[in-house]
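Dear colleague,

I am handing over the structure below, and after it you will find my notes on what turned up in it. Please read them with the model open beside you.

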Amino acid sequence: MELQKAIKAAMDGEAVLFLGAGFSSGGMNILGENIKVGKDLSYAICDDLGITRSDNLTISASRYIEDEKCKKGLDEFIDFLKKELTCVETTADQNEICSLPWTRIYTTNYDNIVELSSEKMGFAREVADRVIFMDGGYIVEEGTPQEVILNPKEPRTISFLNKVL
């Protein structure tokens, strides 16, 4: 597909957006730092543990939780990831992309940049017919945008929305 046709499809609300880690570039976390992904997140984990840096995110994460020599445990790891991956500031490009009337948006990212950018642009309330809030890989709450965004019932959903809205 030619770029102009793809842009027209997106503008007409006839396109699906698939996002990976690159979309997070430039977003700022609650620590005031750029959101880290992949190798950089692995390095941050290793630095927090005081161990030699590894490019392998899976190994670094496992060591944080399970390695008897340096582990800090699951609860501390979750807290660490929340600080690293909770976005409080998005870029103009992220906001612009999320302002388009996509039919659906799919992301593999663990951060909340798509949600924050979309919310900033009013996209989620206006276009979505169903919202699912996930935390730790589990569905915490789901329903219409009115139910989940404007009248959340679950404490974790409420806490998240209070941070980003």
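Lys72 is partly exposed, with a relative accessible area of 32%, where buried means under 20%, exposed over 50% and partly exposed in between, computed with a 1.4 Å probe on protein chains only. Before going further, please note that this is a predicted model, in which local features need pLDDT of at least 70 and side-chain atom pairs count only at pLDDT 80 or more, while totals for chains, interfaces and linings use all residues. Residues are numbered from 1 along each chain as its sequence is written, and side-chain values use heavy atoms, with hydrogens and water left out.

The side chain of Lys72 meets that of Asp48 in a salt bridge, at 3.2 Å from N to O; the term stands for a side-chain nitrogen of Lys or Arg within 4 Å of a carboxyl oxygen of Asp or Glu. This pair links distant parts of the chain, 24 residues apart, with Lys72 in the loop between helix H3 (57-66) and helix H4 (74-85) and Asp48 in helix H2 (residues 38-49). Helices here are DSSP runs of H or I with at least four residues, numbered from the N terminus. Asp48 also counts as partly exposed, at 31% relative accessibility.

A search of the whole structure finds 7 salt bridges. Among them, Asp47 and Arg53 meet at 2.7 Å, N to O, with Asp47 partly exposed at a relative accessible area of 41% and Arg53 partly exposed at 47%. Glu68 and Lys71 form a salt bridge at 3.3 Å, N to O; Glu68 counts as exposed, at 65% relative accessibility, whereas Lys71 is partly exposed, at 39%. Finally, Glu33, Lys36 and Glu84 are linked in a network of salt bridges.

Turning to helix packing, the axes of helix H5 (residues 92-99) and helix H6 (residues 113-120) come within 8 Å and cross at roughly 70 degrees, the axes being lines fitted to C-alpha atoms over the stretch in contact, with angles running from 0 to 180 degrees between N-to-C directions. H5 and H6 are therefore roughly perpendicular to each other, a label given to angles of 65 to 115 degrees. Gln94, Asn95 and Cys98 of H5 make the contact with Ile113, Val114, Ser117, Ser118 and Lys120 of H6, where contact means heavy atoms within 4.5 Å.

Conventions
Helices (H or I, at least four residues) and strands (E, at least two) are DSSP runs, numbered from the N terminus. Angles under 35 degrees count as roughly parallel, over 145 as roughly antiparallel, 65 to 115 as roughly perpendicular and the rest as oblique.
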